[in-house]
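Hi,

Here's the structure I said I'd pass along. Have a look at it first, and then read on for what turned up when I went through it.

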Amino acid sequence: MRLSGQLVCVDARQARRVVELLPEHIEITRTEPGCLSFEVAPTDDPLVWQVDELFASESAFAAHQARVAASTWGRETADIERRYSVTGLAHQSSGERQ
């Protein structure tokens, strides 16, 4: 399972929230079973981050999605736009919550 795309903030307030919460989100995600790679990096635009994830299986990705939805990161960044594409799913989708 591969997810790639961008996290897009509308203003500095959202960007500050990302900066504040992202280190813990990255740390927790990288320890999840089946997480092969998880990178979230700032771009030249201070309101945009590049997101690239790789999970070993659809079930590992689904478990990640469930954990994120219930996490501080998920709740506190729910209003931030995600422009993601996911490949490797049995049922392809985009816009997944990360």
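Let's start in the sheet: Gly 5 has Val 51 in S3 as its bridge partner, and it stands opposite Tyr 84 in S4. Keep in mind throughout that this is a predicted model.

**The sheet**

S1 (residues 2–8) is joined to S3 (residues 48–55) by seven bridges, and the two run antiparallel. Seven bridges also join S1 to S4, again antiparallel. S3 in turn pairs with S2 (residues 35–42) in the antiparallel sense, over seven bridges. One of the contacts there is Pro 42, whose bridge partner in S3 is Trp 49. S2 and S3 make a hairpin, with five residues between them.

Put together, that's an open sheet of four strands in the order S2-S3-S1-S4, with antiparallel pairing. S2 and S4 (81–87) are the edge strands, each pairing on one side only. From one strand to the next, the twist averages 10°. As a reminder, strands of a sheet pair through backbone hydrogen bonds, either parallel or antiparallel.

**The helices**

Two helices lie across this sheet. H1 (residues 12–30) lies across S1, S2 and S3, running at about 160° to S2. H2 (residues 58–69) lies across S1, S2, S3 and S4, at about 135° to S3.

At the start of H1, a side-chain oxygen of Asp 11 comes to within 3.2 Å of the backbone nitrogen of Arg 13.

Which residues of H1 are buried? They are Gln 14, Ala 15, Arg 17, Val 18, Leu 21, Leu 22, His 25, Ile 26 and Thr 29. The buried residues of H1 pack against S1, S2, S3, H2 and helix H3 (72–76).

**Polar side chains to look at**

- Gln 14, in H1, has a relative accessible area of 3%, so it is buried. A polar atom of its side chain lies 2.7 Å from the backbone nitrogen of Val 10. Leaving aside neighbours within four places in sequence, Gln 14 is in contact with Val 8, Cys 9, Asp 79 and Ile 80.

- His 64 sits in H2. Is His 64 buried or exposed? Its relative accessibility is 0%, so it counts as buried. The side chain of His 64 makes a polar contact of 2.7 Å with the side chain of Glu 32. His 64 is also 7.4 Å from Thr 29, C-alpha to C-alpha, although the two are 35 residues apart in sequence.

- Arg 82, in S4, is an arginine that counts as buried, because its relative accessible area is 11% and the cut-off for buried is under 20%. Its side chain has a polar atom 2.5 Å from the backbone oxygen of Thr 77, and one 2.8 Å from the backbone oxygen of Ile 80. Arg 82 and Ser 37 are 45 residues apart in sequence and 19 Å apart in space, C-alpha to C-alpha.

- Arg 30, in H1, comes out as partly exposed, because its relative accessibility is 43%. Not counting residues up to four places away in sequence, Arg 30 touches Cys 35, Phe 38 and Glu 39. The side chain of Arg 30 reaches the backbone oxygen of Phe 38 at 2.9 Å and makes a polar contact with the side chain of Glu 39 at 3.2 Å. Arg 30 and Leu 54 are 24 residues apart in sequence, with 10 Å between their C-alpha atoms.

Cheers

Key
Residues are numbered from 1 along each chain as its sequence is written. This is a predicted model: local features need pLDDT of at least 70, side-chain atom pairs count only at pLDDT 80 or more; totals for chains, interfaces and linings use all residues. Side-chain values use heavy atoms; hydrogens and water are left out. Two strands pair if DSSP finds at least two bridges between them. Axes are lines fitted to C-alpha atoms, for helices over the stretch in contact, and angles run from 0 to 180 degrees between N-to-C directions. Contact means heavy atoms within 4.5 Å. Buried means under 20% relative accessible area, exposed over 50%, partly exposed in between (1.4 Å probe, protein chains only). A polar contact is a pair of N or O atoms within 3.5 Å; within protein, one must be able to donate a hydrogen and the other to accept it, and residues adjacent in sequence count only if both atoms are side-chain atoms.
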